[in-house]
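User: I am new to this structure and would like to learn how to read a few of its features. Could you take me through them in order?

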Amino acid sequence: MKNYKLFTVTVFAFSLLLGFTACKPKNAGSAVSSDAAGKVYVAPGKYDEFYNFVSGGFSGQLSAYGLPSGRLLRVIPVFSVDPEKGWGYSEETKPMLNTSHGFVPWDDLHHVQMSKTNGEYDGKWVFGNANNTPRVARIDLKTFRTAEIIELPNSGGNHSSPFITENTEYVVAGTRFSIPPDDKNGDVPINTYKQNFKGTISFISVSKADGSMDISFQLQCPGVNFDLSRAGKGVSHGWFFFSTYNTEQANTLLEVNASQKDKDFIMAVNWKKAEEYIKAGKGRKQSVRYAHNKYSDVTHSATSVIKTEVTVLDVKDFKDLCYFFPCPKSPHGCDVSPTGEYIVGSGKLAALIPVFSFDKLQKAIAAKDYIGEFDGIPILKYESVLYGEVKKPGLGPLHTEFDNKGFAYTSMFVSSEVVKWNIKDLKVVDRVPTYYSVGHLTVAGGDTKAPYGKYMVAYNKITKDRFLPTGPELSQSAQLYDISGDKMQLILDYPTIGEPHYAQIVPAELIKNNSIKFFKMEENKNPYFSNGEAATKVVREGNKVHVYMTAIRSHLTPDNIEGIRVGDEVYFHVTNLEQDWDVPHGFAVKGADNGELLVMPGETQTLKWVPNRVGMFPMYCTDFCSALHQEMSGYVRVSPAGSNTPLLFSTGKNYPASDTAQKK
Ligand code: K7E
Ligand code: CUA
């Protein structure tokens with residue numbers, strides 16, 4: 001949604017036409033109530049009540065905060081390399097970022113969703129999307145690490161993703177950019193969009209036992225832009241709803257050309273039907289290439305497999321699978337109420353919020369209340385599906401979440417506010433300013449069947465004067481509101497990592513007791529594991545040198561290594577021998593064109609280093625682990641290529657000079 005900064009200008013002009021004025025809220029400083037501090041104060045040593053998982057946007061990462069304190073607990077590397085944690089730098093983690101395009105060290109993570117059981121958070125995994133090179137990641141909350149990444153073929157920009165069904169049957173992902181399917185010639189003129197471009201929606205199955213993902217099937221849909229989506233729940237379980245834009249099928253200057261029509265569509269998908277067709281063998285096998293990467297907490301390493309086939313249903317061949325219904329002006333958020341009955345479309349350029357009824361949708365389908373077809377998909381009549389419209393909510397509605405008292409909360413990008421309205425009578429009951437230009441918002445449990453309410457967080461794109469200046473770029477921010485009373489109350493600002501889009505607020509109780517404290521040494525199946533200092537060694541295989549190393553407070557074994565030559569590929573396989581919570585050791589060596597290693601207790605991680613000059617290379621532990629952490633270090637001696645310095649390694653002893661001399 002970075003684009004919205006540009007987009008503001010257009011909407012601003014548009015709003016003037018409508019007679020509104022987009023304006024910045026006044027008195028930013030005084031908008032905080034006097035009891036705010038008490039509401040967010042979590043005493044030192046006390047835990048927060050909620051975890052807040054916040055997408056990092058163009059940082060490609062996910063961060064975990066505590067609420068209500070706003071404390072940053074951890075940045076979890078997902079789609080982008082993170083030298084701080086060795087993610088994408090260690091040999092063990094590199095395969096996690098493999099794709100059919102090769103190693104991709106960055107992405108753009110917009111949406112995060114927690115796994116659900118019976119429509120409520122179950123605390124097991126969170127999923128995130130890669131918007132640029134289409135992928136979906138699963139983060140395991142036992143370790144707060146990315147456990148799996150699956151690439152999505154036939155996809156060009158995985159924005160409408162990942163959205164989860166009531167029992168995590170599927171994680172669903174819709175393509176933002178339509179493109180020619182992967183098995184078709186993509187080398188066609190761009191202006192053949194209407195003939196050649198298709199949109200794809202992927203249904204990724206998730207194993208109940210261990211969360212393993214697999215692309216179950218894909219739906220090939222008309223070429224439009226899929227923006228956001230939600231699974232049905234309760235009465236609408238078995239359905240999925242996707243907002244679309246660019247139903248004009250423009251391929252250039254979308255800002256203008258994709259804003260021509262008064263209404264775009266929401267697409268309703270009967271995924272239970274799609275499942276039936278797949279079971280009945282109606283799918284078509286399509287040859288594709290996509291990477292499927294998994295990280296094992298036993299081998300402490302990742303594997304990447306390239307898969308070559310998906311099963312596709314072409315939705316226009318099945319008359320009871322997909323339906324369009326009109327939604328005013330470039331819908332963005334498409335959100336489903338806790339009961340599953342109401343579907344809220346947020347037209348970015350619309351001056352109202354349409355609320356659709358699942359019950360009316362079913363009746364309209366039964367009555368074939370169509371006003372036409374779009375690429376073979378029936379279009380239902382707006383009025384037949386509409387429950388009602390929220391009038392004059394504000395400007396630039398983007399996203400809606402729900403509380404436990406029958407209210408909905410919609411973010412207004414242009415008028416910088418959150419608007420609270422009643423789901424039944426559609427009356428606006430409260431509005432509060434945000435500072436500034438709110439994108440997503442989230443209510444605790446706000447996308448579940450049973451929201452917790454209590455807190456709402458707005459994620460802002462622009463912060464201007466809210467924090468101390470930091471040059472041309474300012475941190476983006478989250479703003480925490482107490483929503484337990486009739487009036488929403490701003491109680492905290494906290495800066496975020498990267499650009500926050502969607503987030504989840506999850507009770508700490510669901511997660512905190514499942515956290516792994518360390519990895520058991522006896523379960524370590526890494527092929528380069530050293531089971532104790534006695535097992536350490538240095539092994540040369542041609543120009544490859546494997547250093548089996550251990551780390552324990554406060555020394556590395558071996559800490560003196562000789563006989564390495566310029567141009568050798570040296571692999572430091574470091575096993576952390578600690579069996580205690582919160583005692584990682586780090587590892588770095590001078591001149592390595594690499595990140596560090598940060599090795600958890602009981603784990604083995606590998607740093608590759610190719611020394612390019614003769615000399616003495618210090619290595620050391622990077623994580624202050626004990627009073628003698630500064631002593632936790634050593635030396636690697638690098639001799640010329642082709643030299644015959646004997647390969648020696650030791651800790652706490654010196655070889656006689658005759659052993660270490662270069663043989664003449
Ligand atoms: Cu509105 Cu990419 Cu979910 Cu951002 S999207 S705000
Ligand atoms: Cu180990 Cu510092």
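Analyst: This is a predicted model, and we will go through a strand, a ligand shell and a pocket.

User: Is strand E39 buried or exposed, and why?

Analyst: Buried here means under 20% relative accessible area. In strand E39 (residues 569-576), eight of the eight residues are buried, so the strand is largely enclosed by the rest of the structure.

User: How do I read the two sides of a strand?

Analyst: In a regular strand, side chains alternate between the two faces of the sheet. In E39, one side carries Glu 569, Tyr 571, His 573 and Thr 575, the other Val 570, Phe 572, Val 574 and Asn 576, and both faces are covered.

User: Which strands pair with E39?

Analyst: Strand E36 (residues 544-552) runs parallel to E39, joined by eight bridges. Strand E42 (residues 604-609) pairs with E39 in the antiparallel sense over six bridges. Tyr 571 of E39 is the bridge partner of His 546, and Tyr 571 also stands opposite Lys 608 in E42.

User: Which residues come nearest to ligand 1?

Analyst: Of the 11 residues around ligand 1, the nearest are His 110, His 111, His 159, His 440 and His 501. By class, the shell holds two nonpolar, eight polar and one charged residue.

User: What lines the largest pocket?

Analyst: The largest pocket has a volume of about 1,200 Å³. It is lined by 42 residues, and Arg 74, Thr 143, Phe 144, Ser 515 and Trp 581 are the closest to its centre. The lining divides into 20 nonpolar, nine polar and 13 charged residues. Strand E3 gives the largest share of the lining, four residues.

Notes
Residues numbered from 1 in each chain as written. Chains lettered and ligands numbered in written order. Predicted model: local features only at pLDDT ≥ 70, side-chain atom pairs only at ≥ 80, totals over all residues. Heavy atoms only, no water. Near = heavy atom within 4 Å. Nonpolar A, V, L, I, M, F, W, Y, C, P; charged D, E, K, R; others polar. 1 Å grid on protein atoms, 1.4 Å probe; cavity = no way out; pocket = protein on both sides within 12 Å on 5 of 7 lines; lining within 4 Å. Points joined across faces, edges and corners; volume = space filled by probe spheres on them. Helix = DSSP H or I, 4+ residues; strand = E, 2+ residues; numbered from the N terminus. Buried < 20%, exposed > 50% of the residue type's maximum accessible area, 1.4 Å probe, protein only. Pairing = 2+ DSSP bridges.
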